[in-house]
Amino acid sequence: MSFNLDSFQIGDLITGKIIKLEPTGVLVDFYTDQLAYVPLLELSLTEIQSPEEAVQLNQIREFLVVGNYDGEHGIFFSHCSPETLKDSDRLYETALYLASEKCGHPVNREDLIVQTKIRDVHGNGVSATIQWFLCSQEHPPTVSFSIRKLEMRIAWERVGQLQAEDVIVYGKILKKTPRGALVKIEGLRGVILTYVDKHREELVVGEKLPLNIIKVREDCNHIVLLHRSVSIRLRQLQVGQVVSGTIRSIKDYGVRVDIGDLYAFLPTSKMFHPSVDHPNQLFKINDHLKAKIIKIDPENGQVVLESCVSSV
């Protein structure tokens, strides 16, 4: 059962009382003239099989008011001035244009609901997500209620705080992929960048690892982590520093170098041997070399090298 926008505002926190447990959800009294049904999926961020795993009869709980619209769309702006956000007409013009292109026909302003969410504040303005919802007299906009999305909001705030404070987190490996491993952090899925980790072949599904969070993008549902030892090694390095390493793989576009807990990359274009067509004409697996760091990308755990000295 859903409610119209006159009763509640999307994004509000409201308190309700659980008055009935059913196999597929619960009935909640929000102290209005009708009860609300909240399905099992919206009762918890974790997977549950019955309401009793998340709530109790007669319990007072907070819920997040969420949208329940057909035709929800949005766009992310990495740089948006405060003046633009204050100018509702400009926001509507942008949303109307995008909605009309998406639908293939002109959309009237009265058929559009626009909402703006600030994602980040920086020196040039803010990053924001602008969402629009199409509605009509036949399908009026309504709202629904969720504990899961409230817990998700809290989890994203917590993950951002853990990143800012550089806290070590422990994540259990759910699945291994060619370039990483999936884990859960605070109930949210993240990926460990194991392609830069020389210990990646030793990782085991179900194993818990000490990790550092290096990137959090709620708008992309994206959390990136590094093994703690890799993160420490990365912080010890500086652009311009000469490092020693061992070649572990050779491709036509470059070689991967073990520099201690971390794989660095030496591109073919930075080897300064124009007469050589392929790196295997210069190097063999397990060759030792020295090279200079020209780039460090902390958000992707990448170290790029140049000016390889002849192998020892």
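Within the hairpin formed by strand 3 and strand 4, six residues lie between the strands, and one of them, Tyr31, takes a positive phi near 60°. The model described here is a predicted one.

Strand 3 and strand 4 run antiparallel and are joined by four bridges. Across this pairing, Val26 stands opposite Val38 in strand 4.

The loop comes next. Tyr31 is placed between strand 3, which covers residues 25–29, and strand 4, which covers residues 36–39. Its phi of about 60° is positive although Tyr31 is not a glycine. Is Tyr31 buried or exposed? The relative accessible area of Tyr31 is 54%, and the cut-off for an exposed residue is over 50%; Tyr31 is therefore exposed.

A positive phi is also found in another loop. Asn286, a residue other than glycine, has a phi near 80°. Where is Asn286 found? Asn286 lies in the loop between strand 17 (263–267) and strand 18 (288–297). With a relative accessible area of 45%, Asn286 falls between the limits of 20% and 50%, so this residue is classed as partly exposed.

Notes:
Residues are numbered from 1 along each chain as its sequence is written. This is a predicted model: local features need pLDDT of at least 70, side-chain atom pairs count only at pLDDT 80 or more; totals for chains, interfaces and linings use all residues. Side-chain values use heavy atoms; hydrogens and water are left out. Helices (H or I, at least four residues) and strands (E, at least two) are DSSP runs, numbered from the N terminus. Buried means under 20% relative accessible area, exposed over 50%, partly exposed in between (1.4 Å probe, protein chains only). Two strands pair if DSSP finds at least two bridges between them.
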